[in-house]
Amino acid sequence: MAPRPLIRLARRGLSLGLSLLAIALAIFGLLSLAPGDPLARMPLTLPPEVRAAMREAMGLDAPWPTRLALWLRQALIVEPLVLCDTLFGTSWAEDAPRLISWHSRTPVMGLIADRLPQTLRLMGLSYALGLACALPLGLWQAHRHRSAADHATTALTMTAYALPPFVVALLLIWVFSITLGWLPSGYDNSLRITDAASLGTEIRQLILPVAVLALQITAQLTRHLRASAIEVLDTDHIRTARAKGLGPRALLTGHVLRHAMIPVVTIVALGLPQIVGGAIITEQIFAINGIGHLLISSIHAGDLPVVQTITLLVAVLVVLANLLADATYRWLDPRLTG
Amino acid sequence: MQQNRIRWTDLLANTHAITGATALCLALAMPAQPLAEPRSHHDTLRLRNWQAPATLNPYLSAGAKNVEAASLVLEPLARTDPDGELVPWLARSIPTRENGGIATDGTAITWRLRDGLTWSDSTPVTAADLRFTWEYCMAEGAGCAQAMKFDGVSRIDTPDAQTVTLHFDAPRPMPYQAFVGPQSPVLQKAQFADCLGPKAQTCSTQNSAPIGTGPFVVTEFQPGNIAEFTANPAYRTPGQPGFDRVILQGGGKAAGAARAVLQTGEADFAANLQLPPEVLDSMQEAGTGRLLTAFGPLLERLVFNLTDPDPALGPERSTTAHPHPILSDPHVRAALMLALDRRALVDLGYGPAGRVTCALIPAPARFAPPHPKDCADQDLPRARALLDQAGWRDTDGDGLRDKDGRPLRLGFQTSVNPVRQDFQVVIQDWWRQIGVETELRAIDAGIFFGSDPANPDTFQKFNTDVQMFASAFAGTDPGNFLAGWRCENIPSPETDWQGANIARACDPAFDALSARLAETADPDARAQFVQQMSRHLIDSHALVPLVHRGRVAAAANGLEGPHLNPWGSPYWNIAEWRRAP
C-alpha cells in the first residue's frame, strides 16, 4: 500500500484535474453559445462567399465536438509544449496547431506575453504596496482596539473599500493630472526604459493606477487583519506570552501576526489570479495595454480563442492559488490538517 | 500600559521582510523591455490609430485599420488618388484599351512593373511575386478576405520577369480590381511560399511583418497595440521617406487621439476621428494641429422594409412572400422621407465630417446625378398630405394615424453608436409630428452586422420596419455595389439571409440596367447608367440617403504632406510626408 500522503496527493491531483476540465467545458460552452460574430466588423462590401471562406479558415464551420477537441488539445497540450520549447530549447511542439487569435492571426500566447509585463507590474506593485500598508495598519488597529484612532482608521478604510475604482481613478486624475498637473493621466505604451529619465517617466505614469488599486487592496486587507488580530489577542497563548513579559512589538509580530494572517492569506490567494488577469476597469481608464485591456477588446471583436484562453488561464490560477493557500494555512497553523 | 504602546515604525520594520521579498520577486519576474533606439529621435513620425491594427496582412483581414497600417509597407500596382483617378504605383503605367494594355475583347489585362524595383531586403520584385500573390489568395482553405479582388481571374501569365497578364473567364468592363488599391498589394513569394492554403492563418511571423516595397519596414508589431517601422533603405525614390522611424500607436478612444494631435501635440497624425462636431471645434482652438476631411462613397442611410416582418409569419417573416402592410405603399415612404431634416442631422452628428446629399452614389462626382437644391428639405405639411392621401388618418384622436383599425406604428433599429442613437431620437420626434409612432431599438454592432444565420437581430434578417446603417463600395466603381439591389440579392432563408438588397426591393427594369452596366466599358456611358440606377432606387423611396459621411483626420501643424484619400489609406503618400523646416 502506498503511503498515505501519496494517496492524498493523488486524490487531490485527480480532483484538480477534473475541476479544470469542467471549467474548460463550461468556458467553451458559454462562450460558444453567446451571440457575436468575429466577422461583424469587416466591411459590409465583403461578399458572402468570401465571408464563408474566412469562417471556414477560422474553423468556425466545424461541428462543436471537433472545435472543442481541437481547443482542448491546443490549450492543454500544444501550448504548454510550446512554452517548454521556448524555455528549454526542446522541439516537442514542432508543427502542432497552435492557438491562433482570429483577430490578429498570431498565437494567443504571444499576445498574452506582450501584455503580461504591464499587468504584472501594475498588479504586482499594487498588491505589494497594499500588503505593505495593510499589515502594520491592521495590527496597529487591533492593538489600539476601540480607541479614537482605531475608529477613525476604520471609517477611512470603510470609505476606501466602498469607493469603486472608477470613481477613485477619475478623482485622482482630476486632482493630480488636471488641477495640479503633476502626473500624466494616461499610460504611454510606447515608452522604453533605457535610462534613469525613462525609468522616472515609467514610475510617474504608474503612480496613479497603482494608487487606485492599492487603496482598494489596503482597505480590504486592513479590515480583515484587524478583525482576526483582535480575536487572536484574546486567546490563551497570547495571554501567556504577555504574562511572560513579552513586549507588544515582539508579541504582535511574533505571535499575533502569524495566526491573524489566515484570513489575509485567503484574500490574497483569491486575488492572486488577478495579478495575471489584470484590472479591467483601471486598465481601461488609464489606457494601460495589459491583459484586462486585451480581454475586453477581444470580447468586443468576438475573438473567442483569446477570450477562452485568458478565462481558462485565470481559472487555472484560481485553482492553483487555492492549493497554495491550503499549504500556507498549514504552515501558519500546523494544527490544521485534512 | 506605557510598555504596551508601540509605534508604527516598529511594525513597519518587522513586516518589511515579507513585503520587501514580495516586491523583489515581482520586480525580478518582470521581463526587461528590449532596448530600442533612444526615445528622443528627431525624425520619428508618431501616428495615432485608436483602432490599432491586428495584423499587417490585408489578405487575412479586410478591416480598414489593418489595410491602412499595412499600406506603409505593402504596395499595389496602382492606386486611386484623392480625386478618384487611378495612378500607377508599382506599375509603369495604367493599362488601357488605347495603349494596348487591355485586350480588345476585354478578357485580359497586362501590367508592366517599373524598372529596378526591389523588396526592402534588396531582392528584385518580379512577375512571379504577382502570380504568387494571386495563388496565395485563391488557395483552398486560405480564408482570403480579398478574394473578390481576383474574382473571374482564370489564369495569370508571366511572359517575362517584368510583365504579368491577367486572363479573365469573361469580358471585364472594369478590369482594375486585382493589385489595385491598398486591399490587394503584392506579397513577396520568397517570404510567403510556405503559407499557402490553411497555413496562411498560422504564418504569424509573416503576417505580422510582411516584407514589402513601401517606404517603411516593420521593426516591431504588437497586435492591437503598437507597430513600429523604420525607413526602407532600398526605397526607390531618393530622399524619401522623410522620416526614419514611424510609431503607430493604438488604444484608447477617438477623443484621446484627437487631443494628442490637436491639443497636446504628443502625436503628429491621427486617423478616423469620428467625434461630435462640438468636440472637434473646441479641440481645434488649441492651435497645435489642423483637421483634414475627405469625402468618398460612405453614406448613412435609412432603409425601409418592403416585406412584412410580423413574427406571426414564422419562417416567411421579412421575405418577399408577404408585402409590408404599411411600407409597401410608396406614398407612406415618401411622407416619412419628407419629414426628415437632413441639414439638422448633419449638424447634429457630423459637422465638418458630413454633407447633405440626395444621391445614393455621392462620389466620385461623375456618378452623382444632378439634384434640385431643395431635394433634402423637410416638408411636414406635404408629408401629412401624402399620408392623408394614402388613407392614413387619425380617426380616434390619439395623435396617431390609423387605417382599417391598424395604427401607424413602426419599429426602427440600428447599431449601438452615440450618433445613431441621437439620430433615432430626432427622427422619432419628426415622425411623431406627422402622426407616426416609432419604437426604437439599438443592437450591438457585433450582432447587428454579424452574419450568424441563427441570430434574429442581424441587419440582413431585418425583422423590423426601418433600419439605419452606413455602407460604401470599395474602389471608385459602384458597378458591383449597385448590382446588390438586384432581385436575386434579396436576403432570404434560401440564401442563408445573405445578400445586399436589404430593402427587398425588386424591379425588373433596374435589373436590366444593371445587366447593361456590367457589359459597358466606356466611362461616360457607365456614369450615365450609374446615375439612372441610383435615381431609380432613390425615386422608389426604398431607402433615404441621410448623410454623406467623410473621413476625418488630424495632422500636427509642423507636418507637411498628409492629403486624405477617401478611396484608400490615409497613409497612401506617406513617403512624401516631412517635418516643416
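**Exercise 1. Two packed helices**

Task: At what angle do helix H9 (residues 342-349) and helix H11 (residues 418-433) of chain B pack, and how far apart are their axes?

Solution. Step 1: H9(B) and H11(B) pack at an angle of about 145°, with their axes 10 Å apart. Axes here are lines fitted to C-alpha atoms, for helices over the stretch in contact, and angles run from 0 to 180 degrees between N-to-C directions. Helices (H or I, at least four residues) and strands (E, at least two) are DSSP runs, numbered from the N terminus.

Step 1: H9(B) contributes Leu345(B), Leu348(B) and Gly349(B) to the contact, while H11(B) contributes Val419(B), Asp422(B), Phe423(B) and Val426(B). Two residues are in contact if their C-beta atoms, placed from the backbone, lie within 7 Å.

Step 2: Sorted by kind, the residues of this contact are five nonpolar, one polar and one charged. Ala, Val, Leu, Ile, Met, Phe, Trp, Tyr, Cys and Pro count as nonpolar, Asp, Glu, Lys and Arg as charged, and the others, Gly among them, as polar.

Before going on, a note on the model. It is predicted: local features need pLDDT of at least 70, side-chain atom pairs count only at pLDDT 80 or more, and totals for chains, interfaces and linings use all residues. Residues are numbered from 1 along each chain as its sequence is written, and chains are lettered from A and ligands numbered from 1 in the order in which they are written.

**Exercise 2. Chain B as a whole**

Task: How many helices and strands does chain B have, and what share of its residues is buried?

Solution. Step 1: Chain B has 15 helices and 20 strands. Its C-alpha trace spans about 95 × 85 × 50 Å along the principal axes.

Step 1: Of its 581 residues, 48% count as buried. A residue is buried if 20 or more other C-beta atoms lie within 10 Å of its own, exposed if 12 or fewer, and partly exposed in between, with C-beta atoms placed from the backbone.

Step 2: Among contacts in chain B between residues at least 6 apart in sequence, 66% join residues at least 24 apart.

**Exercise 3. Around strand S15**

Task: Which strands are joined to strand S15 (residues 409-415) of chain B by bridges?

Solution. Step 1: Seven bridges link S15(B) in parallel to strand S16 (residues 437-443) of chain B. Here Gln413(B) has Arg441(B) as its bridge partner.

Step 1: S15(B) also runs parallel to strand S17 (residues 466-471) of chain B, with three bridges. Thr414(B) stands opposite Met468(B) in S17(B). Two strands pair if DSSP finds at least two bridges between them.

Step 2: Now bring back the helix from the opening exercise: S15(B), H11(B) and S16(B) make a right-handed β-α-β unit. A crossover is right-handed if, with the strands pointing away from the viewer, the path from the first strand over the helix to the second runs clockwise.

Step 3: S15(B) is mostly covered, as five of its seven residues are buried.

**Exercise 4. Where the chains touch**

Task: Which helix of chain A gives the largest share of the side that touches chain B?

Solution. Step 1: In the interface, 58 residues of chain A are in contact with 62 residues of chain B.

Step 1: Helices H2 (48-58), H4 (108-143), H9 (248-277) and H11 (291-301) of chain A each give two or more residues to this side of chain A.

Step 2: H4(A) gives the largest share, 14 residues.

Step 3: The residues on this side of chain A divide into 30 nonpolar, 18 polar and 10 charged.
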